[in-house]
Amino acid sequence: MTLTVPANGDTAVATNQKIQVTFSKPINRLNINRRTFVLKAEGSNKHLLGRMNYSKKNRRVSFQPRQPLADDTQYIFRVKGNDSKGSK
């Protein structure tokens with residue numbers, strides 16, 4: 001990953017913020033799903049639902065949560081998996 005929006009540790013993020021992850025290498029579009037891109041509130045096991053899009057040109061995955069995020073809550077956005085050549 002070369003860039004995340006919001007950045008790790010950002011505070012005062014809008015509750016309707018789209019999460020974006022930009023990769024340095026192409027990724028397999030088939031690996032973009034709810035198991036490989038996970039958003040949850042810190043301390044919770046519940047994955048939040050939303051819409052994901054992939055821009056092959058920009059190597060960017062965008063995730064828009066279905067519901068606004070809660071105020072004063074820390075969230076974890078985890079990306080699991082390897083790039084298209086198997087590198088982590």
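The largest pocket of this predicted model has a volume of about 740 Å³. A pocket is here an open set of points on a 1 Å grid over the protein atoms alone, with protein on both sides within 12 Å along at least five of seven lines, where a 1.4 Å probe fits; the volume is the space filled by probe spheres set on the points, which are joined across faces, edges and corners. The lining comprises 27 residues, a lining residue being one with an atom within 4 Å of a point. Closest to the pocket centre are Pro-6, Ala-7, Gly-9, Asp-10 and Tyr-75. By class, 15 lining residues are nonpolar, 8 polar and 4 charged (nonpolar: Ala, Val, Leu, Ile, Met, Phe, Trp, Tyr, Cys and Pro; charged: Asp, Glu, Lys and Arg; polar: the others, Gly among them). Strands β2 (19–22) and β6 (75–79) each supply at least two residues of this lining, and β6 gives the most, with 5 residues.

Residues are numbered from 1 along each chain as its sequence is written. Local features need pLDDT of at least 70 and side-chain atom pairs pLDDT 80 or more, whereas totals for chains, interfaces and linings use all residues; side-chain values use heavy atoms, with hydrogens and water left out.

The protein contains 0 helices and 6 strands, and its elements run β-β-β-β-β-β from the N terminus on. Helices (H or I, at least four residues) and strands (E, at least two) are DSSP runs, numbered from the N terminus. The radius of gyration is 13 Å, close to the 12 Å that the globule rule gives for 88 residues, so the protein is as compact as a globular protein of that length (radius taken over C-alpha atoms; rule, 2.2 Å times the number of residues to the power 0.38). The C-alpha trace spans about 40 × 20 × 20 Å along its principal axes. Buried residues make up 23% of the 88 residues, where buried means under 20% relative accessible area, exposed over 50% and partly exposed in between (1.4 Å probe, protein chains only).

Strands β4 (residues 50–55) and β5 (residues 60–65) pair in the antiparallel sense over 6 bridges; pairing requires that DSSP finds at least two bridges between two strands. Within this pairing, Tyr-54 stands opposite Val-61 in β5. The two strands form a hairpin with 4 residues between them, and Arg-59 in the turn has a positive phi of about 55 degrees.

The whole structure holds 3 aromatic pairs. Rings of Phe, Tyr and Trp (its six-membered ring) pair if their centres lie within 6.5 Å; planes under 30 degrees apart count as stacked, over 60 as edge-to-face and the rest as tilted. Phe-23 and Phe-37 form an edge-to-face pair, 6.3 Å centre to centre with 85 degrees between the planes. This pair links distant parts of the chain, Phe-23 lying in the loop between β2 and β3 (37–41) and Phe-37 in strand β3, 14 residues apart. Phe-23 counts as buried because its relative accessibility is 11%, and Phe-37 because its value is 5%. Phe-63 and Phe-77 form a tilted pair, 5.8 Å centre to centre with 40 degrees between the planes. Here Phe-63 in strand β5 is joined to Phe-77 in strand β6, 14 residues apart. Phe-63 is buried, with a relative accessible area of 3%, whereas Phe-77 is partly exposed, at 23%. Ring pairs link Phe-23, Phe-37, Phe-63 and Phe-77 into a cluster.
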